[in-house]
Amino acid sequence: MLLLPISLLAQQKIEAVAGADTTSIRIGEQVKVQLRATIPAAQFNKPAFRILFPVLSDSLEHFEVIARSAVDTTTQQDLKILRQTFTVTSFDSGHWEFPPMKVEVYGATDASSFDTLTTYPLGIDVNTVAVDTTKAFKPIKTVQTVPWNIWDYWMYIAGGAAVVLLALGLWLYFRKRPKKVPEVKLPLVTPYDLARQQLKALKEEKLWQQGDIKQYYTRLTDILRAYFEHQFGIAALEQTSEELLQNIKPVTKLNQQRDKLRALLAIADLAKFAKLQPTADEHEDCMQKAEEILEWTRPKEEPANASANEKPAV
């Protein structure tokens, strides 16, 4: 296990450690890399204290990240221990170093403090599969024919008959069913138009100018989360900032704006939970970032004032 704490955090007895369950694998085999952070319980329970684990990309140099566990928190005496395990593999033979991982720490010394813990890289040997060239090649076996038996296909025959009977029953049902007069539905507001209206209303309310910083950032992030949930089907209102940043990756349009969204969420979280007082420029920049994310992810085939009768595209 290797450790590289920042000196100020070392004084607070906050440590980050990275380790692997093996340092030698064959090509394609898996290795589990565990990241562990140790924090004094008294420090961990402070209202302003926050610690954020890194979000690793799926593809690193010489390594592929296959799976990530959730961050697990345990208590040992007067310490809080946070663990996360990454399952990785490699398809390049040689000696490679798994890159250092950074853990961000907020509020270690005071409400507005920020620092970073960085682990050492982990050396892992990726070996090729040894081939015994002294043995002769074995001949390729010919294709063997299996005798046909109708009972081998009875499930498919029964399933096909059930489908035919079901289709016939549905046809008879809908044939005799009286036709309904179509209902006229009024056009609804699209998720994009709703979010745009809400951002405009929030800007006009001037909450941060009136000193209500927490309410301003709560409303701002909730508008974006509700938009992501209704437009792209992401349960954004139920996720932390790091979970949201991880789960938008499959959505190309949102993933292209991930750095901008990360910066906005970082300031919002500090303002809501660490009582940070951002500057006037930061307030306006967060609103501008939200508007830019909204415009960038707007469905291209819809005009700006399209009705919700048309299905939004992801």
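**View 1. The largest nonpolar core of this predicted model has 33 residues**. A nonpolar core here is a set of buried Ala, Val, Leu, Ile, Met, Phe, Trp, Tyr and Cys residues joined through side-chain atoms within 4.5 Å. Buried means under 20% relative accessible area, exposed means over 50%, and partly exposed is in between (1.4 Å probe, protein chains only). The residues with the most contacts inside this core are Tyr216, Tyr217, Leu220, Phe228, Ile234 and Leu261. Which elements give two or more residues to it? They are α4, α5 (213-232), α6 (241-247), α8 (258-273) and α9, and α5 brings the largest share, nine residues. Elements are DSSP runs numbered from the N terminus: helices are H or I with at least four residues, strands are E with at least two. There's also a second, separate core of 28 residues, and it includes Ile25, Ile51, Phe98 and Ile124. In soluble globular proteins, nonpolar side chains tend to be buried together.

**View 2. Here we zoom in on Leu261 and what it touches**. Contact means heavy atoms within 4.5 Å. Skip the residues up to four places away in sequence, and Leu261 touches Leu224, Phe228, Leu245, Ile248 and Ile293. Leu261 is also on the list of residues with the most contacts inside the largest core.

**View 3. Helices α4 and α5 pack at an angle of about 175°**. Their axes are 9 Å apart; an axis is a line fitted to C-alpha atoms, for helices over the stretch in contact, and angles run from 0 to 180 degrees between N-to-C directions. So α4 is roughly antiparallel to α5. As for the labels, angles under 35 degrees count as roughly parallel, over 145 as roughly antiparallel, 65 to 115 as roughly perpendicular and the rest as oblique. On the α4 side, the contact is made by Pro191, Tyr192, Ala195, Gln198, Leu199, Leu202 and Glu205. The α5 side brings Tyr216, Arg219, Leu220, Ile223, Tyr227, His230 and Gln231. Sort the residues of this contact by type and you get nine nonpolar, three polar and two charged. In that sorting, Ala, Val, Leu, Ile, Met, Phe, Trp, Tyr, Cys and Pro count as nonpolar, Asp, Glu, Lys and Arg as charged, and the others, Gly among them, as polar.

**View 4. Ile223 sits in helix α5**. Is Ile223 buried or exposed? With a relative accessible area of 7%, Ile223 is buried. Leaving out residues up to four places away in sequence, Ile223 touches Ala195, Gln198, Leu199 and Leu202. Ile223 and Gln197 are 26 residues apart in sequence, and their C-alpha atoms are 9.9 Å apart in space.

**View 5. Helix α4 (residues 191-205) also meets helix α9 (residues 280-296)**. The two axes come within 11 Å and cross at roughly 165°, so α4 is roughly antiparallel to α9. The crossing is left-handed, which means the near helix is turned anticlockwise from the far one by less than a right angle (clockwise would be right-handed). From α4, the contact uses Tyr192, Ala195, Arg196, Leu199, Leu202 and Lys203. From α9 come Met287, Ala290, Glu291, Leu294 and Glu295. By type, the residues of this contact are seven nonpolar, no polar and four charged.

View 6. With its neighbours within four places set aside, Gln257 is in contact with Glu292, Ile293 and Trp296.

**View 7. Gln77 has a positive phi of about 55° although it isn't a glycine**. Most residues other than glycine have a negative phi. Gln77 is in the loop between β8 (72-76) and β9 (79-89), and at 80% relative accessible area it is exposed. Lys206, in the loop between α4 and α5, has a positive phi near 55°. Lys206 counts as partly exposed, at 47% relative accessibility.

**Reading the views.** Residues are numbered from 1 along each chain as its sequence is written, and side-chain values use heavy atoms, with hydrogens and water left out. Because the model is predicted, local features need pLDDT of at least 70 and side-chain atom pairs count only at pLDDT 80 or more, while totals for chains, interfaces and linings use all residues.
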